[in-house]
Amino acid sequence: MAKIRHLAIKTKSPERLAVFYEEVFGLKRIRSEKGGAIYMSDGYLTVALLRNRGEATPSGINHFGFHVDDIKEIEERLKKFEEPLEQRPANRPFAEYRAMDPDGNLFDVSVHGYDEAEFEADREKRGHEARKDKVPS
């Protein structure tokens, strides 16, 4: 079963929104990036506050993310709707894949989850180490 575990909001001021969510709801900062993005969590859901750089681009919900157990199962289900599951760039720390619903809403899909940053290189290293552990000595 997939669980919504991530929500991204575009804003002209990530810091202003971070202070708001800290003071009003008690969210904790879990990561900040040089480009201005701030990642926060309530312990279950992560909220990414992304800098909105476009003048004509509205601020607001940008995308949401599902934590799943089996990426192949989700990929098969998406085929029915002719929506491809695309791999995210290696420098994106939280989700491995992205797709779109029939109305054009973007969503991320992750097997490793959203609790901590994990870049593609980290996932490959972990996978390589796991494979080494399975090789008989």
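In what sense do β3 and strand β4 pair, and over how many bridges? The two strands, β3 and β4 (residues 46–51), pair in the antiparallel sense over four bridges, where pairing requires at least two DSSP bridges between the strands. This is a predicted model, in which local features need pLDDT of at least 70, side-chain atom pairs count only at pLDDT 80 or more, and totals for chains, interfaces and linings use all residues. Residues are numbered from 1 along each chain as its sequence is written, and side-chain values use heavy atoms, with hydrogens and water left out. Helices (H or I, at least four residues) and strands (E, at least two) are DSSP runs, numbered from the N terminus.

- Strand β2 (residues 28–32) runs antiparallel to β3 and is joined to it by four bridges; Arg29 stands opposite Met40.
- Ile38 stands opposite Leu49 in β4.

**Hairpin turns**
- Five residues lie between β2 and β3 in their hairpin, and Gly36 in the turn has a positive phi of about 110°.
- The β3–β4 hairpin has four residues between its strands, with Gly43 at a positive phi of about 100°.

**Helix α2**
- Ile71, Ile74 and Leu78 are buried in α2 (residues 71–79).
- Seen down the axis of α2, its buried residues fall within an arc of 60°, so they line one face; the arc is that of the directions from the helix axis to the C-beta atoms.
- Lys72, Arg77 and Lys79, on the other side of α2, are exposed (over 50% relative accessible area).

Technical notes
Buried < 20%, exposed > 50% of the residue type's maximum accessible area, 1.4 Å probe, protein only.
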